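Here is a friendly tour of a single model for anyone who likes to check geometry by eye. Please keep the viewer open while you read.

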Amino acid sequence: IKRKAINYSHKLAQRKEFCMTNLEKLYEDISNNIKRIRKEKRLTQKELAKSVGVSEGYISDIERINKNKHPSILCLINISRALNVELIDLLERGEEL
């Protein structure tokens with residue numbers, strides 16, 4: 001029984017690590033998409049921040065993939081509106097290496 005519990009615990013740890021890795025990758029993709037689209041639209045971080053109703057520093061944190069600053073779904077909706085793109089455009093996955 002103890003061995004099964006250890007194996008189960010190990011599998012849970014692996015699954016959590018896998019999920020966190022995927023979540024981190026998603027946030028990275030969102031950050032890269034926001035930055036790319038913003039630059040394509042020739043907007044500064046300050047201009048985007050003003051349109052969204054957040055600080056320039058917050059946009060900078062999102063684009064720099066600050067692990068402590070993840071935009072809420074409402075913020076992503078506001079960013080997509082300010083960039084005049086669909087929300088799905090911000091969520092597109094980047095190229096896998």
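## Ground rules

This is a predicted model, in which local features need pLDDT of at least 70 and side-chain atom pairs count only at pLDDT 80 or more, while totals for chains, interfaces and linings use all residues. Residues are numbered from 1 along each chain as its sequence is written, and side-chain values use heavy atoms, with hydrogens and water left out.

Helices (H or I, at least four residues) and strands (E, at least two) are DSSP runs, numbered from the N terminus. Buried means under 20% relative accessible area, exposed means over 50%, and partly exposed lies in between (1.4 Å probe, protein chains only).

## Salt bridges

Let us begin with charge. Side chains of opposite charge can pair when their charged atoms come close. With a salt bridge taken as a side-chain nitrogen of Lys or Arg within 4 Å of a carboxyl oxygen of Asp or Glu, a search of the whole structure finds five.

Which residue forms a salt bridge with Arg38? The partner is Glu63, with the closest N and O atoms 2.6 Å apart. This pair links distant parts of the chain, as Arg38 sits in helix H1 and Glu63 in helix H3 (residues 56–63), 25 residues apart. Arg38 is buried, with a relative accessible area of 7%, and Glu63 is buried too, at 6%. Salt bridges that share partners also join Lys25, Asp29 and Arg93 into one network.

Now turn to H4. Its buried residues include Cys75, Leu76, Ile79, Ser80 and Leu83. They lie on the same side of H4 because they cover an arc of only 140 degrees around the axis, where the arc is that of the directions from the helix axis to the C-beta atoms. On the other side of H4, Leu74 and Arg81 are exposed.

Val52 is placed in helix H2, and its 12% relative accessibility means that Val52 counts as buried. Taking contact as heavy atoms within 4.5 Å, and not counting residues up to four places away in sequence, Val52 touches Cys75, Asn78, Ile79 and Ala82. The C-alpha atoms of Val52 and Leu76 are separated by 9.2 Å, with the two residues 24 apart along the chain.

## Two positive phi values

Where is Arg42 found? Arg42 lies in the loop between helix H1 (2–40) and helix H2 (45–52). Its phi is near 60 degrees, a positive value in a residue other than glycine. Arg42 counts as exposed because its relative accessibility is 75%.

Just after H4, Asn84 takes a positive phi of about 60 degrees, although Asn84 is not a glycine. Asn84 belongs to the loop between helix H4 (73–83) and helix H5 (87–91). At 65% relative accessibility, Asn84 is likewise counted as exposed.
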